[in-house]
Amino acid sequence: YLAASFHFHAARLGARLRMTFVERLKPLELAAALLQCSRTGSAGIAFQALEDPVVRDAVSTLTAQQIPMLTIRNSMSSMW
């Protein structure tokens, strides 16, 4: 549902949207995907945050490059 919503709103705004899905709880894969976004010239990144030093380092790199980021929380995980 979230992916469909992002696509819908991006289309309405005329924005290009690229999505990359990373298997849950894989900090090395998430960090690599985040850094790949910076190499491809992303104007902004939304992702589900994962508390891990490797991910924190990737986020620090993106912050230094002034790439805006939005973290998305999985509300279902707080229910369990």
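Leu 25 is exposed, with a relative accessible area of 64%, where exposed denotes over 50%, buried under 20% and partly exposed the range in between (1.4 Å probe, protein chains only). Leu 25 occupies the loop between α1 and α2, and its phi is near 65°, a positive value in a residue other than glycine. Most residues other than glycine have a negative phi. The model is predicted, so that local features need pLDDT of at least 70 and side-chain atom pairs count only at pLDDT 80 or more, whereas totals for chains, interfaces and linings use all residues. Residues are numbered from 1 along each chain as its sequence is written, and side-chain values use heavy atoms, with hydrogens and water left out.

A positive phi, near 60°, is also found at Gln 66, a residue other than glycine. Gln 66 belongs to the loop between α3 and β2 (69–71) and counts as exposed at 70% relative accessibility.

The protein contains three helices and two strands, arranged along the sequence in the pattern α-α-β-α-β. Helices (H or I, at least four residues) and strands (E, at least two) are DSSP runs, numbered from the N terminus. The C-alpha atoms fill a box of roughly 35 × 35 × 20 Å, taken along the principal axes. Of the 80 residues in the protein, 18% are buried. The accessible surface comes to about 6300 Å², of which 58% belongs to carbon and sulfur atoms; accessible areas come from the Shrake-Rupley method with a 1.4 Å probe, and for residues only the protein chains shown count as cover. Among contacts (heavy atoms within 4.5 Å) between residues at least 6 apart in sequence, 49% join residues at least 24 apart.

Two packed helices are described by the angle between their axes and the distance between the axes. Helix α2 (residues 27–39) packs with helix α3 (residues 53–64) at an angle of about 10°, their axes being 8 Å apart. The arrangement of α2 and α3 is therefore roughly parallel, a class that covers angles under 35 degrees, while angles over 145 are roughly antiparallel, 65 to 115 roughly perpendicular and the rest oblique. Axes are lines fitted to C-alpha atoms, for helices over the stretch in contact, and angles run from 0 to 180 degrees between N-to-C directions. On the α2 side the contact is made by Pro 27, Leu 28, Leu 30, Ala 31, Leu 34, Leu 35 and Ser 38, and on the α3 side by Val 54, Val 55, Ala 58, Val 59, Thr 61 and Leu 62.

Helix α3 also contains Ser 60, which counts as partly exposed at 47% relative accessibility. Ser 60 and Phe 21 are 39 residues apart in sequence and 21 Å apart in space, C-alpha to C-alpha.

A search of the whole structure finds one salt bridge, defined as a side-chain nitrogen of Lys or Arg within 4 Å of a carboxyl oxygen of Asp or Glu. Arg 56 pairs with Glu 51 in a salt bridge, the closest N and O atoms being 2.1 Å apart. Arg 56 is partly exposed, at 43% relative accessibility, whereas Glu 51 is exposed, at 66%.

Leu 2, Phe 6 and Leu 17 make a nonpolar surface patch of about 230 Å². Patches are made of residues with over 30% relative accessible area and no salt bridge, with like charges joined within 9 Å and nonpolar side chains (Val, Leu, Ile, Met, Phe, Trp, Tyr) within 5 Å. Leu 2 lies in helix α1 (residues 2–13) and counts as partly exposed at 44% relative accessibility.
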